[in-house]
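Student: I would like to learn how to read helix packing and pockets. Where do we begin?

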Amino acid sequence: MPPPFALEMAAVLAFDGRAVLSHRSAAKLWELLAYEGEVEVTVVGRGIRQRPGMRVHVVRSLDRRDVTKRRGIPITTPPRTVLDLAETASEREVDRAFEEGRISRRVSRRQLEQLLARSPGRHGAAVIGGLLESENEPRRTKSELEQMMLALVAGDPRLDE
């Protein structure tokens with residue numbers, strides 16, 4: 001059995017030092033999302049082709065502040081990972097990754113604001129902006145959700161209000 005994340009390391013190495021683990025694969029390694037699927041990498045360059053078993057995202061440049069290593073694998077930082085997800089993933093996945101990042105203290109408002117400032121024109125910027133705006137809105141507590149679930153199971157008509 002190969003070591004954990006061997007496939008991810010192989011995918012990064014396949015691009016001669018121009019690739020980093022990114023998107024859902026990075027979110028999995030950062031423990032922001034559960035993910036089983038094609039390995040996703042971001043490659044700096046032009047004319048880069050897709051490869052079997054991988055999803056390749058091509059960029060002209062990648063700021064060194066947005067790249068680090070985890071378990072020896074070059075990878076996008078957690079804030080950059082959330083921004084990448086905001087461009088390609090469902091709203092639910094982005095929200096989940098953002099919340100997990102906040103809870104684990106891997107993603108902060110300040111980091112996301114700085115990232116957005118140096119990433120003008122990114123398609124995911126509006127999604128991240130929305131997350132930051134709603135960051136302080138009250139969320140349901142565990143007990144509120146439990147009460148709602150019990151009422152739903154019991155067929156409580158007040159849930160339709």
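Tutor: Begin with the axes: each is a line fitted to C-alpha atoms, for helices over the stretch in contact, and angles run from 0 to 180 degrees between N-to-C directions. Keep in mind that this model is predicted.

Student: At what angle do helix H4 and helix H6 pack, and how far apart are their axes?

Tutor: Helix H4 spans residues 91-103 and helix H6 spans residues 125-134. They pack at about 55°, and their axes lie 11 Å apart.

Student: How are H4 and H6 oriented to each other?

Tutor: Angles of 65 to 115 degrees count as roughly perpendicular, and those under 35 as roughly parallel. H4 and H6 are therefore oblique to each other. Their crossing is right-handed.

Student: Which residues meet between H4 and H6?

Tutor: H4 brings Val 94, Asp 95 and Phe 98. H6 brings Val 127, Leu 131 and Leu 132. By class, this contact has five nonpolar residues, one charged and no polar.

Student: Now the pockets. What is the general idea?

Tutor: A probe the size of a water molecule is rolled over the atoms, and this shows where empty space is left.

Student: What volume does the largest pocket have?

Tutor: The largest pocket has a volume of about 450 Å³. Its lining counts 19 residues. Nearest its centre lie Val 59, Ser 61, Arg 80, Glu 87 and Arg 122.

Student: Which elements give two or more residues to that lining?

Tutor: Strand E3 (54-59) and helix H3 (78-88) do. H3 gives the most, with four residues.

Student: How does the lining of the largest pocket divide by class?

Tutor: Eight residues are polar, eight are charged and three are nonpolar.

Key: Residues numbered from 1 in each chain as written. Predicted model: local features only at pLDDT ≥ 70, side-chain atom pairs only at ≥ 80, totals over all residues. Heavy atoms only, no water. Parallel < 35°, antiparallel > 145°, perpendicular 65-115°, else oblique. Left-handed = near helix turned anticlockwise from the far one by under 90°. Contact = heavy atoms within 4.5 Å. Nonpolar A, V, L, I, M, F, W, Y, C, P; charged D, E, K, R; others polar. 1 Å grid on protein atoms, 1.4 Å probe; cavity = no way out; pocket = protein on both sides within 12 Å on 5 of 7 lines; lining within 4 Å. Points joined across faces, edges and corners; volume = space filled by probe spheres on them.
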